[in-house]
Amino acid sequence: MQATVFVSILLASILLLGWFAWRHALLSRHRNAISQKNVELIKTLAERDSEMERRAAVEITCAWHCFRLSRQIGPKANFSRI
């Protein structure tokens, strides 16, 4: 009788430790997956930010060229209407 109780408690302890180890493995795998996705997100956001900066610089350059062109053409266009 005592041996049966002892074996039952031992088996329950082994199952509990196995369950703890399994949950720990799942949690570690989940954390690693989240970390990997965070690295990918940071890389994507950095690429987006650099693209936004590049586009802003191009827009400023285009606006400046358009302004210079309109300043050159503007007076000539007014004289041609008169």
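Trainee: Where is tryptophan 19 found?

Mentor: Tryptophan 19 sits in helix α1, which covers residues 2-81. This is a predicted model, where local features need pLDDT of at least 70 and side-chain atom pairs count only at pLDDT 80 or more, while totals for chains, interfaces and linings use all residues. Residues are numbered from 1 along each chain as its sequence is written, and side-chain values use heavy atoms, with hydrogens and water left out.

Trainee: How many helices and strands does the chain have?

Mentor: One helix and zero strands. Helices (H or I, at least four residues) and strands (E, at least two) are DSSP runs, numbered from the N terminus.

Trainee: What share of the residues counts as buried?

Mentor: Of the 82 residues, 0%. Buried means under 20% relative accessible area, exposed over 50%, and partly exposed in between, with a 1.4 Å probe and protein chains only.

Trainee: Back to tryptophan 19. Which aromatic pair is it in?

Mentor: The structure holds one aromatic pair. Tryptophan 19 and phenylalanine 20 form that pair, tilted, at 5.6 Å centre to centre and 50° between the planes. Rings of Phe, Tyr and Trp (its six-membered ring) pair if their centres lie within 6.5 Å; planes under 30 degrees apart count as stacked, over 60 as edge-to-face and the rest as tilted.

Trainee: Why does phenylalanine 20 count as partly exposed?

Mentor: Because its relative accessibility is 45%. Tryptophan 19, at 44%, also counts as partly exposed.

Trainee: New topic. How many salt bridges does the structure hold?

Mentor: Four. A salt bridge is a side-chain nitrogen of Lys or Arg within 4 Å of a carboxyl oxygen of Asp or Glu. One of them joins lysine 37 and glutamate 40, at 3.8 Å from N to O.

Trainee: How far apart in helix α1 are lysine 37 and glutamate 40?

Mentor: Three residues, about one turn of the helix. Lysine 37 counts as exposed at 54% relative accessibility, whereas glutamate 40 is partly exposed at 37%.

Trainee: And what does arginine 54 form a salt bridge with?

Mentor: Glutamate 51, with the closest N and O atoms 2.7 Å apart. Arginine 54 and glutamate 51 are three residues apart in helix α1, so about one helical turn separates them.

Trainee: Which salt bridge does arginine 55 make?

Mentor: The side chain of arginine 55 meets that of glutamate 51 at 3.0 Å, N to O. Salt bridges that share partners join Glu51, Arg54 and Arg55 into one network.
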